[in-house]
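Biologist: Hi! Could you walk me through this one?

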Amino acid sequence: MGIYVKKKKFNIFRVFLIFLFVIMFLTTLYFFNFSEKSNFDLSNIANTQFEEESNQIIEPDLSSFIKKEDVNFDEYFTKKEFDQSIKKFIEDNPDYILGVLREYQLEQNKLEQEKTDQKNISSIKNLNLAYHPMYLGDSNSTKVIYEFVDYNCGYCQKFHQELINVMNNNSLKLVIIQMPILGNFSEELTKLALASSLQGKFEIVHNYLYSSDRKLDIEDILADLFLRGVDLDTLKSDLDSQEVSDFLSIHRGYVDEFKFTGTPATIIGNQIIPGFIDANKITEILEKEFS
């Protein structure tokens, strides 16, 4: 009985060893097959190594993962061939290239115009808030026209009459901004108009300088102004005053702000109109801007 029990225990232990060996064999076989199928080189796999001496991170070698294929470099352009191909495409398709450039330019112009419009609206708001002693018409009117003038400009003289015709049928305030760009004589006439405003005679002088009665010589002009009630002693004293100099600087600032290069130029509401327009067009814009 004792011998039987001892032998039984020995058989169980032997079976256990065999079973353990089989498990180890199968595990080794499994890993060996996996390595063969994936071309996985265990020697190339390691966590990112840190080299203590240089304090640099050494990336693992992943070359064994990349599938190596033969590359036919004849299938690719050289740089010279690529440049020649682009050049040939441009030569063969000029209309397409011009169309792309045209669309790009139109888009850029649109963006620039939007920026300019926003800037102009801001500038017009500032213009409306400023003090303007040189004006014609109804000082209390909410309909304001800004006219940039040069008294030697033939179109300005013609435009002045168009504005007078509109003002005869509307309650308007016409603010005059001086823009003497046609020489020294234009500057002299501008100073006459600005100096006359200091004695409350601006409208009289402004209308005279645009009338057909205006003389060509400055002394003759002063004589005519005297006949129209202007105090010449005060006028001559004011010509070189700080007030007139300040007005000139302010008006030049407005010209630069709106980047005007010619006269007449007009601002009605939020519309900026370069050049001459007739009374009908002025009325149309007024109705649109102040309706």
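Modeller: Happy to. Two strands pair if DSSP finds at least two bridges between them, and strands (E, at least two residues) and helices (H or I, at least four) are DSSP runs numbered from the N terminus. This is a predicted model, where local features need pLDDT of at least 70, side-chain atom pairs count only at pLDDT 80 or more, and totals for chains, interfaces and linings use all residues. Residues are numbered from 1 along each chain as its sequence is written, and side-chain values use heavy atoms, with hydrogens and water left out.

Biologist: Nice. Which residue in β7 does Ile267 stand opposite?

Modeller: Ile272. Strands β6 and β7 (residues 271–274) are antiparallel, with four bridges.

Biologist: And what links the two?

Modeller: They form a hairpin with two residues between them, and Gly269 in the turn has a positive phi of about 65°.

Biologist: What about β4, how many bridges join it to β6?

Modeller: Four, again antiparallel, with β4 covering residues 144–149. Tyr146 has Ile267 as its bridge partner in β6.

Biologist: Are the β6 residues buried or exposed?

Modeller: Ala265, Thr266, Ile267 and Ile268 are all buried (under 20% relative accessible area, 1.4 Å probe, protein chains only). Ala265 and Ile267 point one way, Thr266 and Ile268 the other.

Biologist: Switching to helices: at roughly what angle do α4 and α10 cross?

Modeller: Roughly 55°, with the axes, which are lines fitted to C-alpha atoms over the stretch in contact, coming within 9 Å.

Biologist: Which residues meet there?

Modeller: Phe159, Glu162, Leu163 and Val166 in α4 meet Ala279, Ile282, Thr283 and Leu286 in α10, where contact means heavy atoms within 4.5 Å.

Technical notes
Axes fitted to C-alpha atoms, helices over the stretch in contact; angles between N-to-C directions. Buried < 20%, exposed > 50% of the residue type's maximum accessible area, 1.4 Å probe, protein only.
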